[in-house]
Each structure stands twice: as structure tokens, then as C-alpha cells.
Amino acid sequence: MSISLLQSPLYVAIYDSVAILQSLLQLATERKAKMSSGKNQYVVRHGDKWGVRGEGNQRLTREFDTQREAIDFGRGIARNQEAELRIQGRDARFREAYSYGNDPYPPKG
């Protein structure tokens, strides 16, 4: 008795592996589509003031006297664009980040 190629264990294993890879590719494509499409927003120090800058922009979107005002404004833009808001501290290091988009890897709990 001979086994046809389509019934061989090797062929079945390869066929199943291809099906799994196709499913994973589709899942990854769907997750990427769900990710934020807006520009991330950054609250940054600007001289003795604070500003909000969109990711990749050279110029500030707007300047504020206080960091709190800049955070509130930047949060509104980030929520509207389903993006992230990153906040720079006085030491020029980014200290916090908030995500308002469809995070494909939300924290557990």
C-alpha cells in the first residue's frame, strides 16, 4: 500500500503550518489597523514656558505659561486623534505617557 502525497504526515504538517501562519498574519494586520492613526503629542519645555508639539513637527502647536495647561491641551488633542500624550519633566526627560488609542497590548488587570 502506498500513501498518496496529500495524505502523507509531512504534507499534512506543512499544510497545517501554512494555515497557522496565514491566521497569524491576518491577526497582525488587524491589530496594526486598530492602532492609533493620529500623531502622538508631546508636552515639552520651551524656554521658561511649556508647549505642545505633534510628533515629527518642528514648531509647537501652542505655548502655555504652565505645564498643567499644556498637559490639558495636549490630552485633548491626543484623545481626539486616538494617540499618545508624552510629558517631559523639568529635567528634559520624559516622565509619563498616556495612551488614548486602541492599544493592541493593554496592560493586564
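Helices (H or I, at least four residues) and strands (E, at least two) are DSSP runs, numbered from the N terminus.

Before you go on, remember that this is a predicted model, in which local features need pLDDT of at least 70 and side-chain atom pairs count only at pLDDT 80 or more, while totals for chains, interfaces and linings use all residues. Residues are numbered from 1 along each chain as its sequence is written, and side-chain values use heavy atoms, leaving out hydrogens and water.

**Stop 1: the buried side of α2**

Now colour Q67, A70, I71, G74, R75, I77 and A78, the buried residues of α2. Buried means under 20% relative accessible area, exposed over 50%, and partly exposed in between (1.4 Å probe, protein chains only). What do these buried residues pack against? Show β1 (41-46), β2, β3 (62-64), β4 and β5, and you have their packing partners.

**Stop 2: the nonpolar core**

Next, select V43, W50, V52, F64, A70, I71, I77, A78, L85, I87 and Y100, the 11 residues of the largest nonpolar core. Such a core is a set of buried Ala, Val, Leu, Ile, Met, Phe, Trp, Tyr and Cys residues joined through side-chain atoms within 4.5 Å. Which element gives the largest share of this core? It is α2, with four residues.

Zoom in on I87. Beyond its neighbours within four places in sequence, I87 is in contact (heavy atoms within 4.5 Å) with V43, Q67, I71, R93, F94, R95, E96 and Y98.

**Stop 3**

For one of the bridges, pick R86 and its partner in β5, A97.

The hairpin has five residues between the strands. Select A92 in that loop: its phi is positive, about 75°, although A92 is not a glycine. Most residues other than glycine have a negative phi. A92 is partly exposed, at 48% relative accessibility.

Where is E82? Look in the loop between α2 and β4. E82 also has a positive phi, near 50°, and is partly exposed, with a relative accessible area of 38%.

**Stop 3: aromatic rings**

The structure holds three aromatic pairs. Rings of Phe, Tyr and Trp (its six-membered ring) pair if their centres lie within 6.5 Å; planes under 30 degrees apart count as stacked, over 60 as edge-to-face and the rest as tilted.

One of the pairs is Y11 with Y15, stacked at 6.3 Å centre to centre with 25° between the planes. Both sit in helix α1 (residues 9-34), and because they are four residues apart, about one helical turn separates them. Y11 is partly exposed at 35%, whereas Y15 is exposed at 56%.

Finish with F64 and F73, whose ring centres are 5.3 Å apart and whose planes meet at 50°, so this pair is tilted. Is F64 buried or exposed? F64 is buried, at 10% relative accessibility, while F73 is partly exposed at 26%.

Terms used: Two strands pair if DSSP finds at least two bridges between them.
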